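Trainee: I would like to learn how to read a model of this kind, feature by feature. Where do we start?

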Amino acid sequence: MTILLFGITKDIVGAPTLSVPTASITGKKIPKTVKELKTFLGNTYPELNKLSSLAVAVNNSYAEDDQVINSYDEIALIPPVSGG
Amino acid sequence: MSRYTRQTQLKDFGPEGQKKLSQSKVLVVGLGGLGLPVLQYLNAMGVGTLGLMDQDIIELHNLQRQVLYTEHDLGRQKLEVVHEKMSAQNSQTHFNLYDTFLTKDNALETIKDYDLVVDATDNFPTRYLINDACVLLKKPFVYGALHGFEGHVSVFNYQGGPTYRCLYPNMPSAEEVPNCNENGVLGVIPGIIGTFQALEAIKVLTEIGEVLSGKLLLFDGLSQQSTKIGFKLNPKNLELKKLQDFYEPLDCDVVPAITAEDFQSLLGSKTRITLIDVRTEEEFMDRNLKEAINIPLDSLEHASVHVDTAETVYVVCQSGKRSELAVKQFQNQYPNKQFFNILGGMNKIATLCP
């Protein structure tokens with residue numbers, strides 16, 4: 001599953017996209033919902049947990065925490081940006 | 001031949017579109033990288049009334065992206081320079097000048113006279129303030145924001161549509177997302193995003209095309225890729241009854257501050273000072289300065305007895321954030337007294353006196 005990164009999330013991860021495994025050989029939990037994905041990413045990149053608002057889009061639509069995600073979905077992390 | 005022929009000859013715009021523009025009133029908040037392209041186009045195209053709001057002066061590091069300004073303008077007020085240049089560009093436009101920043105106290109009064117607001121600011125507190133004021137007054141606003149090589153555009157609160165808070169319910173703290181000053185922005189990006197904002201403003205005012213409402217446009221300059229994300233109204237966000245008591249300090253300069261170093265030497269100079277520590281009792285017990293009086297942020301009303309007897313009051317907390325909020329509150333409450341936030345708070349002070 002590839003995740004597109006915007007704003008500060010790009011800086012936190014250090015790349016414009018991020019790959020999340022969709023099958024596990026180590027028994028590690030695979031995220032099945034937006035909320036689980038946030039937790040999963042937050043464990044790898046603790047800086048992400050500090051964002052008080054972080055929009056997640058699934059297939060170009062804003063997604064709530066309980067939305068189910070699949071390996072073929074297009075996912076984007078869109079934090080607020082403030083510059084002008 | 002009319003000056004607007006090239007656009008009135010467009011079938012979907014026509015003389016009707018021009019008439020609507022000439023009767024429109026638009027407030028542009030912020031005369032920086034985004035605000036300038038917005039204004040140049042709205043003014044050129046014939047928007048009847050333009051409100052200009054900013055209190056900054058033109059600095060050298062503005063010039064790489066704020067391309068209306070020249071080296072001759074350095075040190076001058078943005079408001080004054082923009083007014084001069086915009087009047088020369090279109091003498092028919094009526095300009096309202098606001099030599100201030102947008103604050104909780106002036107927002108509703110100012111915005112109520114306009115049809116549309118353009119958010120061309122550079123900080124979260126003002127963006128949330130614009131959102132809330134526009135929701136209360138039922139005005140649409142065109143949003144634009146930047147991060148590095150990237151820009152975001154949307155139209156919020158348009159005909160009962162989604163608001164900024166539908167995307168981002170909670171205002172980020174100052175530490176979690178850097179602004180342009182800290183993060184940097186490629187000069188041409190605000191030109192692109194501001195021009196998109198001008199386009200959306202024109203569409204809203206003349207009722208043509210498909211307004212970018214309920215959609216967030218994400219533009220990435222490095223890949224030249226644009227993505228649109230759809231989002232829905234959370235009706236709760238329209239139920240706002242009043243502005244928040246308090247939006248975070250708009251900018252470090254607004255709150256008078258003193259560096260920890262300067263404060264330290266002040267302490268050494270034996271001058272009698274009033275110092276209020278706004279941390280919790282627990283934090284205060286753990287470590288404090290002997291001159292400090294502990295009045296936690298949530299009970300500032302108990303400070304009156306100390307403030308009343310002082311001319312100048314210094315305020316400290318752990319990192320300098322809560323004390324900044326406290327200074328803001330105190331300033332409102334005691335307009336005749338001087339308050340200073342101690343930058344970096346106890347953390348910084350600790351590094352000075354081991």
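Trainee: How many residues of chain A are in contact with chain B, and with how many residues of chain B?

Mentor: Keep in mind that this is a predicted model. The size of an interface is often given as the accessible area lost when the parts come together. Here we count residues instead: 20 residues of chain A contact 35 residues of chain B. On the chain A side, the elements that give two or more residues are α1 (7-13), β3 (55-58), β4 (61-62) and β5 (75-78). By type, that side of chain A has 11 nonpolar residues, 8 polar and 1 charged.

Trainee: What is the overall make-up of chain B?

Mentor: Chain B has 14 helices and 13 strands. Its C-alpha trace spans about 75 × 50 × 40 Å along the principal axes. The chain is divided into domain 1 (5-238) and domain 2 (257-352), and the centres of these two domains of chain B, taken over C-alpha atoms, are 37 Å apart. Of its 354 residues, 43% count as buried.

Trainee: Which residues of the largest nonpolar core touch the most other members?

Mentor: In soluble globular proteins, nonpolar side chains tend to be buried together. In this model the largest such core has 86 residues, and B:Val26, B:Val28, B:Val117, B:Val118 and B:Ala201 touch the most other members. Helix α9 (residues 188-206) of chain B gives the largest share of this core, 8 residues. Leaving out residues up to four places away in sequence, B:Ala201 touches B:Val26, B:Val38, B:Leu42, B:Leu116, B:Val118 and B:Val142. Another core, of 22 residues, lies apart from it, with B:Ile276, B:Val315, B:Phe339 and B:Met346 among its members.

Trainee: Why is helix α3 of chain B described as largely enclosed?

Mentor: Count its buried residues. A residue is buried if 20 or more other C-beta atoms lie within 10 Å of its own. In α3 (residues 35-45) of chain B, 9 of the 11 residues are buried, so the helix is largely enclosed by the rest of the structure. The buried residues include B:Val38 and B:Leu42, both of which B:Ala201 touches. Just after α3(B), B:Gly46 has a positive phi of about 100°.

Trainee: How do strands β7 and β8 of chain B run, parallel or antiparallel?

Mentor: Strands β7 (residues 215-220) and β8 (residues 225-230) of chain B run antiparallel and are joined by 6 bridges. B:Asp220 stands opposite B:Gln225 in β8(B). The two strands form a hairpin with 4 residues between them, and B:Gln224 in the turn has a positive phi of about 55°.

Trainee: What is the strand order in the open sheet of 5 strands in chain B?

Mentor: The order is β9-β13-β12-β10-β11 (chain B), with parallel pairing. At the edges are β9 (257-258) and β11 (292-294) of chain B, each pairing on one side only. Strand β10 (residues 274-277) of chain B is joined to β11(B) by 3 bridges, and B:Asp277 has B:Asn294 in β11(B) as its bridge partner.

Methods:
Residues are numbered from 1 along each chain as its sequence is written. Chains are lettered from A and ligands numbered from 1 in the order in which they are written. This is a predicted model: local features need pLDDT of at least 70, side-chain atom pairs count only at pLDDT 80 or more; totals for chains, interfaces and linings use all residues. A residue is buried if 20 or more other C-beta atoms lie within 10 Å of its own, exposed if 12 or fewer, and partly exposed in between; C-beta atoms are placed from the backbone. Two residues are in contact if their C-beta atoms, placed from the backbone, lie within 7 Å. Ala, Val, Leu, Ile, Met, Phe, Trp, Tyr, Cys and Pro count as nonpolar, Asp, Glu, Lys and Arg as charged, and the others, Gly among them, as polar. A nonpolar core is a set of buried Ala, Val, Leu, Ile, Met, Phe, Trp, Tyr and Cys residues joined through C-beta atoms within 7 Å. Two strands pair if DSSP finds at least two bridges between them. Domain bounds come from an automatic or database domain assignment.
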